[in-house]
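This report goes through one protein chain, from a single element out to the whole. The sequence and the structure come first.

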Amino acid sequence: MARPVTVTISHDLGKEEAKTRVREGFDKLKNAMTGGMMFKFSEEWTSEDTLSFTAKGLGQEIAGTIDIFPEHVRIIATLPGLLASLAETVAGKVEKEGKLLLEHK
């Protein structure tokens with residue numbers, strides 16, 4: 001059974017810098033969401049501040065969005081049956097990679 005996972009990551013970068021970092025670092029988030037399994041991703045900025053994505057692989061599909069806000073980023077991904085049992089692990093990895101991506105440098 002599919003399971004939605006939501007991760008919210010605070011930042012103090014401002015919306016534009018956060019958006020730039022998400023755009024440039026999405027590959028790291030993809031790997032965290034799939035646990036390194038081979039999935040083919042497609043992504044599209046559906047509005048100025050929302051990245052929608054899907055990932056297909058192993059007969060499974062992940063769908064989600066990344067919303068950029070001035071003080072936080074919200075990642076919502078619906079994990080299919082195979083990954084749903086690992087939802088907490090996946091959420092932890094996404095949160096860790098997201099924090100690294102959005103930390104002040």
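In helix 1, the buried residues are Ala18, Lys19, Arg21, Val22, Gly25, Phe26, Leu29, Lys30, Ala32, Met33 and Thr34. The model is a predicted one. The cover over these buried residues of helix 1 includes strand 2, strand 3, strand 4 and strand 5, together with helix 2 and helix 3.

Helix 1 spans residues 15–34 and has a kink of about 65°, centred on Gly25. Gly25 is also one of the buried residues of the helix. After helix 1 comes Gly35, which has a positive phi, near 60°.

| Element | Residues |
|---|---|
| Strand 2 | 40–47 |
| Strand 3 | 50–57 |
| Strand 4 | 60–68 |
| Strand 5 | 72–79 |
| Helix 2 | 81–84 |
| Helix 3 | 87–102 |

Leu58 is in the loop that links strand 3 to strand 4. Its phi is positive, about 55°, although Leu58 is not a glycine. Is Leu58 buried or exposed? Leu58 has a relative accessibility of 53%, and exposed means over 50%, so Leu58 counts as exposed.

Glu103 belongs to the segment that comes after helix 3. With a relative accessible area of 39%, Glu103 falls between the limits of 20% and 50% and is therefore partly exposed. Along the chain, Glu103 and Ile75 are 28 residues apart, and their C-alpha atoms are separated by 16 Å.

The whole chain comes next. Its secondary structure amounts to 3 helices and 5 strands, and along the sequence they follow the pattern β-α-β-β-β-β-α-α. The radius of gyration is 13 Å, close to the 13 Å that the globule rule gives for 105 residues, so the chain is as compact as a globular protein of that length. Taken along the principal axes, the box filled by the C-alpha atoms is roughly 35 × 25 × 20 Å.

How much of the chain counts as buried? The share is 41% of the 105 residues. Of the contacts between residues at least 6 apart in sequence, 55% join residues at least 24 apart.

The surface and the charges complete the account. The chain carries 14 positive and 16 negative side chains, with the centres of the two sets 5 Å apart.

How values were computed. Residues are numbered from 1 along each chain as its sequence is written. This is a predicted model: local features need pLDDT of at least 70, side-chain atom pairs count only at pLDDT 80 or more; totals for chains, interfaces and linings use all residues. Side-chain values use heavy atoms; hydrogens and water are left out. Helices (H or I, at least four residues) and strands (E, at least two) are DSSP runs, numbered from the N terminus. The radius of gyration is taken over C-alpha atoms; the globule rule is 2.2 Å times the number of residues to the power 0.38. Buried means under 20% relative accessible area, exposed over 50%, partly exposed in between (1.4 Å probe, protein chains only). Contact means heavy atoms within 4.5 Å. Lys and Arg count as positive and Asp and Glu as negative; His and the chain ends are not counted. The place of a charge is taken as NZ of Lys, CZ of Arg, CG of Asp or CD of Glu. The bend at a residue is the angle between axes fitted to the seven residues ending there and the seven starting there.
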